[in-house]
Amino acid sequence: MGKKIHVSTTINGEAVEFLCEARQSFLEVLRDTLTLTGAKEGCNNGNCGACTVLMNGVPVDSCLVLAVEADGAEFETVESIATEEHLHPLQECFLEGAALQCGICTPGFLVSAKALLDNQPEPTEEEIRFELSGNLCRCTGYDKIVRAVQTASERMKEVK
Amino acid sequence: MAIVHVPPQMQELTGGLAEVEAEGNSLRRLISNLDTAYPGFKDRLIKDDLVAPGLAISIDNVVTSRGIFAEILEDSVVHIVPAIAGGH
Amino acid sequence: MSENFNHAQIIKDPEDNYKILGTRPVRHDGVDKVTGRAVYANDVQLQGLVEAAILRSPEAHARILSIDTSEAEAHPGVLAVTTSADFPDLGDKVANLGEGPVNLAHLAANCLAKDKVLYKGHAVAAVAAQNVHIAREALDLIKVEYEPLPVITDALEAMKDGAPLLHEGLLTNLVPGGGKAETPSNVSDHHHFKRGDTEAAFEAAHIVVEREFTTQTVHQGYIEPHAATAHWNQDGQLTVWASTQGSFSAREQTSEVLQVPISKVKVIPCEIGGGFGGKIPVYLEPVAAVLSRKCGRPVKIQMTRDGVFEGTGPTPASFMRIKLGVDETGKMTAGEAWLAYDTGAFPGGVIGPGVMCVFSCYDIEHANIDGYDVCVNKPWTKAYRAPGSTHVAYAIESVVDELAEKLEMDPIDLRLLNAAREGTKRVDGPVYPRIGLIETLEAAKNHDHYKSPLEGPNRGRGVAAGFWFNIGLKSAATAHVNADGTVTLLEGSTDIGGTRTSISMQLAETLGIAAEDINPKVADTDSVGYTDITGGSRVTFATGLAAVEVGKDIISQMKGRAAKLWECEAADVEFSDGVFSQEDNSISFKELCAKLNTTGGLITARASVDPQGFTNGFGVHICDLEVDVETGKVQILRYTALQDAGKAIHPSYVEGQMQGGSVQGIGWALNEEYLFDEKGHMLNPTMLDYRMPTALDVPMIDTVIIEVPNPSHPFGVRGVGETPIVPPPGAIANAVKNATGIRMTDLPMSPPRVHSAIMENGNGTS
Amino acid sequence: MRDFEYKAPATIDEAVTLLAERGSEARVLAGGTDIIVQLREGLKEAGLVVDVKKIPELMSLTWRDDGGLDIGGAVPCHVLYNDTKVVNAYPAITDSAKIIGGWQIQGRASLGGNLCNSSPAADSIPALIVESAACRIAGPEGERHVPVQEFCTAPGANVLTEGEMLVSLALPPVGESSGSRYMRFIPRNEMDIAVTGAGAWLRLGEGGETVEEARLALSAVAPTPVVADEAQAWLQGKPATEESFAEAGDIARKAAAPISDMRGPADYRTHLVGVLVKRALNGALGRARGGDRNPVTPSGINLC
């Protein structure tokens with residue numbers, strides 16, 4: 001008990017090692033130990049999606065992943081969506097379409113929306129709403145978020 | 001003379017009058033003059049030099065944020081209304 | 001930027017000729033917020049930072065007989081433990097904290113309970129430790145001895161003679177009027193307005209409708225839990241990093257609760273993850289400060305989600321009885337309202353705006369209003385977007401709809417006939433200035449949504465209007481003009497939804513430069529002039545006005561510089577469209593900036609404003625929905641929100657306010673409610689069971705912005721943010737009536753309630 | 001939450017040994033979406049958490065020679081509904097997998113976890129019951145097999161004894177002319193716990209006009225998910241019509257003995273049984289007749 005566990009993992013393409021207690025969530029380690037504070041804690045219960053990250057390519061609530069489970073896994077967080085020089089089309093569309101107000105849910109939405117477009121490049125409005133229903137937003141009423149995802153999907157199609 | 005509308009919960013001070021006239025180029029003076037005519041007015045409306053908690057003063061249809069120093073014009077109309085306390 | 005963003009229809013003022021205002025620049029803080037770099041209160045990292053947790057009461061009403069913290073203090077890793085004993089005695093001091101008076105003893109006792117706990121979840125003690133897990137372990141070691149007292153959670157029950165009293169000496173405030181009742185009760189305020197002769201007017205009325213309505217406690221539901229970090233330095237300087245709607249208000253509350261001079265407290269506003277009125281009071285800041293003083297380290301506290309639901313201020317449940325009479329033409333002649341809101345644990349809720357909003361959309365000659373704020377064993381209610389107005393709008397708009405039915409009149413026509421307009425005298429006395437309800441109703445009537453037929457079984461359409469005051473209050477701004485023609489703008493309004501940009505745009509318009517050439521910063525309380533809260537739909541209006549004043553100051557100073565260049569009088573220099581000129585001389589803003597250093601140095605300008613000319617906002621919403629009569633579930637099919645916004649500075653953020661407010665209102669109408677058991681314990685303090693709408697629960701929200709300029713603001717700004725939450729419950733209830741023939745008089749209109757109403761009316765299929 | 005030990009054994013034997021040694025203080029971690037919350041909220045305690053996701057059998061989908069499928073106990077939901085073969089074979093199961101929490105939950109949560117959590121309101125259990133799933137359980141005494149419908153014993157309780165763990169769920173081969181559907185009723189359209197849920201499976205007789213065999217199971221209307229025996233027996237031989245399904249729904253209400261709680265009053269839940277059984281049977285019928293088997297994205301008004 002109380003003994004820390006050594007974990008080797010990959011976050012945003014970089015090999016990362018950390019020590020943690022078994023009871024710590026991956027979200028906690030991400031934010032407090034690794035200072036990647038883009039993922040947010042909204043409920044610490046898997047009900048709001050603000051802490052969404054990709055674990056081995058699949059969206060998960062990082063508050064419901066134990067940090068020790070990260071060993072050997074690969075993660076992508078909101079910090080990895082933009083390149084050094086450019087925002088991702090989703091990020092551009094969130095900004096141009098004013099799809100955020102307070103911005104606390106935005107990292108989670110971006111991670112989920114990116115996973116959605118990676119899997120399904122041309123989702124319908126209903127598919128967008130369904131797949132984003134694990135992410136709560138209290139400011140926007142979702143309208144501009146859905147439109148930003150639709151617009152990003154169109155832009156990404158044009159680029160290809 | 002400014003016109004002051006007296007809310008029902010204060011009309012026992014004015015003998016039932018819903019509207020009274022008073023002089024004074026600031027809210028402080030106006031209330032002071034009212035208190036002379038209708039004792040008790042000041043006690044009800046002013047606490048520690050502030051408009052009493054829970055109350056707000058509308059002068060010419062705008063709720064003032066200037067307290068007892070708010071300017072009163074010759075023909076101003078004054079209403080005593082609830083403060084939107086804890087609100088917004 | 002055309003694509004699919006689908007901007008609102010804007011009905012413009014014909015005089016409108018702006019260059020920057022009305023455009024849609026990307027917000028200045030945008031990139032930080034889409035890359036995860038923006039720093040929110042829980043993202044603060046400091047040397048030596050430790051974490052704290054709050055012990056909350058398991059009882060809804062109890063006397064605290066003793067608190068033993070010794071075991072917790074001895075727990076390895078624990079650095080400090082605090083209870084209310086560490087707060088100074090505040091007596092019964094009332095302080096005016098900008099947005100309204102606050103009883104400091106109540107404020108402090110809500111942060112940490114004193115001799116009684118008044119609701120389940122009431123904070124009792126706090127522990128700072130090396131990490132939050134250790135702090136939580138230590139909470140289990142604190143022994144609190146409670147003597148349970150009778151619990152009362154219903155306002156009507158709490159008003160009865162002989163009901164258990166929450167506050168033994170509480171005498172009802174008689175409002176407005178400043179008097180007090182003679183015997184103690186749970187009623188903290190009784191508001192009363194009366195004009196004309198309602199009795200005779202009801203007698204003479206053609207149709208009178210009287211109905212009773214209830215609504216349940218609902219929460220603002222911001223996604224970011226409250227969080228605060230405090231560092232009380234050995235020199236007595238206290239620095240607080242806060243998630244607050246008002247850094248100056250948080251500073252004053254903290255300084256008053258702890259009785260330390262204001263100048264010793266600095267509040268650094270972090271990015272804020274939503275507020276909606278709920279992040280005005282302090283909960284954590286004084287507690288973190290005391291813990292920091294005790295352990296000499298910076299202390300961070302983040303609330304748990306159940307702590308947010310149980311321990312912060314939701315908006316009240318209500319009971320409302322409304323009676324409204326009309327003559328043969330539909331003209332409203334008499335109105336009566338009897339309202340009881342629960343204020344929760346402490347006096348001072350939102351009944352004030354409730355009584356002032358109930359008839360605010362209509363011109364009614366004879367009226368009588370009574371409203372009561374009642375203490376019950378629930379969290380201390382606080383503002384939630386247009387506080388107090390949504391409740392009464394639900395009730396009055398349902399009654400107006402019923403009158404329209406009985407009169408066989410179009411519901412918008414009935415509203416148009418009775419709508420408040422410039423010169424209408426409100427029941428509480430004041431007379432309306434220029435307002436835009438008529439224009440908004442007309443726009444609704446002419447909207448494609450209202451004109452298109454709605455087909456299909458169990459479908460219905462409803463409309464409702466809504467009102468909010470908006471406020472002014474104090475704002476300050478400081479600007480530094482840079483030699484390259486850009487301007488650094490410091491302001492003190494927490495930016496919850498893009499206000500950095502809507503404020504910057506007003507400065508840019510004033511200076512004739514691009515919005516992108518302004519670099520806005522939300523400054524801490526040591527770095528900018530006093531600024532009231534972000535709330536009351538005031539920031540774009542008042543802080544925007546401060547920016548305009550700053551702009552005027554810059555122009556005036558720069559005219560002096562141009563005069564130096566041209567060896568003329570400053571008074572002879574003209575400024576328009578970003579160009580200074582005098583006779584044949586002219587120089588652009590940017591060019592003149594390059595010469596500032598050699599004509600006297602770079603320029604700083606500042607302004608503090610306390611504008612009085614804020615005016616009201618009116619909205620009208622149209623809702624189509626379908627009721628699944630087998631289950632009672634309501635699905636919103638189409639929704640349009642129309643609002644008089646004054647000038648829409650950044651239309652996207654105006655639309656965003658209208659859409660977000662609408663969806664909060666839809667949640668309130670359909671599924672959101674605090675559920676309590678008989679012991680006063682909230683049963684659903686999670687985001688799973690407190691059911692806020694998900695993306696899949698709502699359609700796109702169409703918006704129409706009607707620009708009826710506010711004559712008291714240089715650009716006509718009115719304030720937008722709060723009104724949109726007001727109409728939805730009424731519009732949805734009216735649509736449910738239209739769909740099923742059933743008038744739902746209790747919120748939320750959740751599936752079991754709707755289904756049960758359908759069964760009672762014999763319309764259901766079983 | 002107290003700290004605990006964490007072990008991630010690589011074999012079933014290792015896991016069973018750990019579980020047996022540590023007895024009631026050991027907890028199995030699969031997707032973690034229930035157990036982590038329960039530990040955090042103090043609803044459960046653990047001295048040892050045994051992560052079973054490193055055990056190959058727990059993480060694999062195996063099509064057996066007989067045409068049936070073994071679903072590893074910790075296989076996350078998203079793997080199931082993204083596998084066309086699984087969707088086509090056992091659509092009621094993928095219906096449920098697609099609505100357990102949001103996408104982020106489905107990235108971790110497993111049917112085995114949902115089953116072992118043994119909530120009366122679990123979405124996947126009625127689906128597993130109507131698809132005739134059986135549990136393969138490993139323990140210190142060896143292996144045993146228990147039909148899913150006998151697995152849960154009370155809210156949060158099941159037949160697993162100390163040292164035992166669920167390894168996989170065995171599904172029988174799919175017959176001709178059969179189809180299944182799981183539906184639940186929730187107040188929101190997603191992210192909610194079933195107020196009532198119903199799984200329906202049926203096989204049609206020749207010509208596709210009559211019900212040859214039906215299976216019905218319900219959630220959130222009793223201390224455990226239950227089989228609507230009488231209704232499913234009644235359906236045998238009946239015409240596959242809306243009227244039959246409505247009547248089956250009425251009969252199925254008899255199997256419901258719900259409580260009133262914050263998620264719904266008892267009489268409302270009983271009422272919903274009829275509605276959901278009827279709708280689920282209609283969905284199963286469509287699929288039995290060759291209709292689309294993909295999890296139905298909620299659409300329009302019939303969202304449950």
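The largest nonpolar core holds 437 residues, of which C:V127, C:A128, C:V240, C:I732, C:V736 and D:V277 touch the most other members. Such a core is a set of buried Ala, Val, Leu, Ile, Met, Phe, Trp, Tyr and Cys residues joined through C-beta atoms within 7 Å. A residue is buried if 20 or more other C-beta atoms lie within 10 Å of its own, exposed if 12 or fewer, and partly exposed in between, with C-beta atoms placed from the backbone. The model is predicted: local features need pLDDT of at least 70 and side-chain atom pairs count only at pLDDT 80 or more, whereas totals for chains, interfaces and linings use all residues. Residues are numbered from 1 along each chain as its sequence is written, while chains are lettered from A and ligands numbered from 1 in the order in which they are written.

Contact here requires C-beta atoms, placed from the backbone, to lie within 7 Å.

Strands (E, at least two residues) and helices (H or I, at least four) are DSSP runs, numbered from the N terminus. C:A367 counts as buried because it has 24 C-beta neighbours inside 10 Å. Apart from neighbours within four places in sequence, C:A367 is in contact with C:R195, C:G196, C:T198, C:G335, C:F359 and C:V427. Its C-alpha atom is separated by 58 Å from that of C:G560, 193 residues apart along the chain.

Helix α16 of chain C covers residues 539–566. Its 28 residues, at 1.5 Å a residue, should span 40 Å, and the 39 Å between its end C-alpha atoms agrees with this; the expected span is 1.5 Å times one less than the number of residues. Just after α16(C), C:E567 takes a positive phi of about 50°.

Chain C is divided by an automatic or database domain assignment into domain 1 (1–18 + 430–470 + 615–766) and domain 2 (475–609). The C-alpha centres of these two domains of chain C lie 38 Å apart. Their contact takes 18 residues from domain 1 of chain C and 15 residues from domain 2 of chain C. On the domain 1 side, α18(C) gives the largest share, three residues.

Between chains, the contact takes 50 residues from chain C and 49 residues from chain A. On the chain C side, α1 (30–34) and α18 (651–670) each supply at least two residues, and α18(C) gives the largest share, eight residues.

Technical notes
Two residues are in contact if their C-beta atoms, placed from the backbone, lie within 7 Å.
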